[in-house]
Amino acid sequence: MINKKLEDLTPYKTETTRCRVRLSSNELPFELPEDIIYEALRQVDETKIRLYPDPEAKRLKEAIAEFIGVPEENILLGNGSDELIYYISLVIGDKGVLIPVPTFPMYLISTKVAGRNPFEVPLDSRFDIDTEKSKDVMGEVDLAFFAYPNNPTGNLFSREKINSLREKGIFIVVDEAYYDYAKDTFINEALRREDTLVLRTLSKIGMAGLRIGVLIGVKEIIREIEKIRLPFNISAISQVVATYILSRAKDYIRYAVDKVIEERERLEREMSCIEGVEVFRSKANFILFRTPFPADVVHKELIKENVLIRDVSYMPLLTRCLRVSVGKPEDNDFFLEKLRVVLKRL
Ligand SMILES: *Cc1c(COP(=O)(O)O)cnc(C)c1O
């Protein structure tokens with residue numbers, strides 16, 4: 001009696017191997033200040049556990065609206081942006097979905113769960129949108145997902161190309177999970193147009209454990225998606241903790257993000273100097289690179305050296321490619337050292 005839609009789906013899996021240095025999930029590598037975490041957790045009292053949470057997450061929504069700089073009425077919160085991607089697939093359009101690949105796997109999964117046809121169009125050789133190939137599927141799709149910057153390639157697609165697809169009548173979702181590392185946004189369009197939504201998340205700026213995603217769009221669209229939002233999708237604990245952290249740690253988060261950007265640039269430079277390593281420039285908090293050896297072998301050898309990164313070579317266009325998250329300076333040094341060791345040995 002299992003629904004046919006699930007036939008070719010497999011559970012989403014992440015790296016769980018234990019390693020001293022873990023650079024596989026694109027989290028913020030710097031600890032949030034201890035006193036702020038202590039105070040944030042002190043806000044969790046008995047009622048936060050026994051009673052249902054505020055279904056509107058009013059205070060958190062205010063804090064996020066201020067943090068991002070958009071009106072509250074243009075925001076809908078999700079249990080991570082993953083939940084919001086599901087909602088979008090269920091609410092926006094009913095034809096096929098354009099997914100430029102390689103990209104974040106949740107677009108494909110939620111498209112299938114919604115019973116819609118995915119049209120996975122390979123990116124061009126510079127990992128930008130291939131408008132020619134996209135044209136071929138124009139009649140079939142009415143929704144498209146763009147990770148901006150893209151995961152795992154790290155680049156920003158050209159705005160003109162995204163805009164030109166929208167002009168052909170496709171509703172566009174711009175997933176800005178890595179906005180803070182790229183500082184380029186479609187929010188102005190999402191606040192004005194009924195065919196554009198922007199996704200943000202707190203996951204890549206220090207709060208992945210709280211599961212808070214943010215959808216930004218015009219009131220009319222937000223109201224439609226509200227109809228299917230699960231009533232208590234943000235836990236009471238996440239609501240108080242995130243509200244407190246956003247009110248007290250804003251400056252720290254900005255400082256930590258700047259450090260990561262600095263380290264990203266250093267890693268790019270140092271990795272490029274390793275013989276045989278091809279580095280792709282990144283606007284996010286991770287770096288895609290290619291080596292002359294099979295990626296699964298490099299991945300396993302690095303684990304033996306106590307370094308966990310992500311093998312992304314199963315994705316289209318990414319033969320022999322791996323993705324490393326930017327970590328703390330000492331962890332990046334450890335990774336660089338071990339990468340040199342492993343590549344020399346192979
Ligand atoms: C990490 C990531 C997300 C974050 O998802 P959450 O559910 O908010 O943790 C969303 N989109 C992309 C492209 C990502 O890489």
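This note goes through a predicted model point by point, from its strands and ligand site to its salt bridges and backbone geometry.

1. Basis of the note. Because the model is predicted, local features are reported only at pLDDT of at least 70 and side-chain atom pairs only at pLDDT 80 or more, whereas totals for chains, interfaces and linings use all residues. Residues are numbered from 1 along each chain as its sequence is written, and side-chain values use heavy atoms, with hydrogens and water left out.

2. Strand 5 and its cover. Strand 5 covers residues 141-147, where helices (H or I, at least four residues) and strands (E, at least two) are DSSP runs numbered from the N terminus. Seven of the seven residues of strand 5 are buried, a term that stands for under 20% relative accessible area, with exposed meaning over 50% and partly exposed the range in between (1.4 Å probe, protein chains only).

3. Neighbours of strand 5. Two strands are said to pair if DSSP finds at least two bridges between them. Strand 5 pairs in the parallel sense with strand 3 (residues 96-101) over three bridges, and strand 5 also pairs in the parallel sense with strand 6, here over five bridges.

4. The crossover. Strand 5, helix 7 (residues 159-167) and strand 6 form a β-α-β unit that is right-handed, in the sense that, with the strands pointing away from the viewer, the path from the first strand over the helix to the second runs clockwise.

5. The ligand site. There are 14 residues around the ligand, of which Ser81, Asp175, Thr201, Ser203 and Lys204 come nearest; a residue counts as near if one of its heavy atoms lies within 4 Å. The side chain of serine 81 places an N or O atom 2.6 Å from an oxygen atom of the ligand, and the side chain of threonine 201 likewise has an N or O atom 2.6 Å from a ligand oxygen. With aspartate 82 it is a backbone N or O atom that lies 3.1 Å from an oxygen atom of the ligand. The ligand taken alone exposes 390 Å², and the protein buries 93% of that, the accessible areas coming from the Shrake-Rupley method with a 1.4 Å probe and, for residues, with only the protein chains shown counted as cover.

6. The structure holds 34 salt bridges, each being a side-chain nitrogen of Lys or Arg within 4 Å of a carboxyl oxygen of Asp or Glu. In one of them, the side chains of arginine 200 and glutamate 176 meet at 2.9 Å, N to O. Arginine 200 lies in strand 7 (residues 196-201) and glutamate 176 in the loop between strand 6 (171-175) and helix 8 (179-182), so the pair ties together parts that are 24 residues apart in sequence. Arginine 200 is buried, at 8% relative accessible area, and glutamate 176 is buried as well, at 0%.

7. Further salt bridges. Arginine 42 and glutamate 39 meet through their side chains at 3.2 Å, N to O; being three residues apart in helix 1 (residues 34-42), they are separated by about one helical turn. Arginine 42 is exposed at 57% relative accessibility, whereas glutamate 39 is partly exposed at 23%. Aspartate 195 forms a salt bridge with arginine 193, with 2.8 Å between the closest N and O atoms, and arginine 193 is partly exposed at 34%. A network of salt bridges links Glu301, Lys304, Glu305, Glu337, Lys338 and Arg345.

8. Cis peptide bonds. The bond from valine 101 to proline 102 is cis, with omega near 5 degrees, and proline 102 is found in the loop between strand 3 and helix 5 (106-113). The bond from asparagine 151 to proline 152 is also cis, with omega near 15 degrees, and proline 152 lies in the loop between strand 5 and helix 7.

9. Positive phi values. Leucine 317, although not a glycine, has a positive phi of about 70 degrees; leucine 317 is in the loop between strand 12 (310-311) and strand 13 (321-325) and is partly exposed at 39% relative accessibility. Arginine 320, in the loop between strand 12 and strand 13, has a positive phi near 60 degrees and counts as partly exposed at 34% relative accessibility.

Methods
A polar contact is a pair of N or O atoms within 3.5 Å; within protein, one must be able to donate a hydrogen and the other to accept it, and residues adjacent in sequence count only if both atoms are side-chain atoms.
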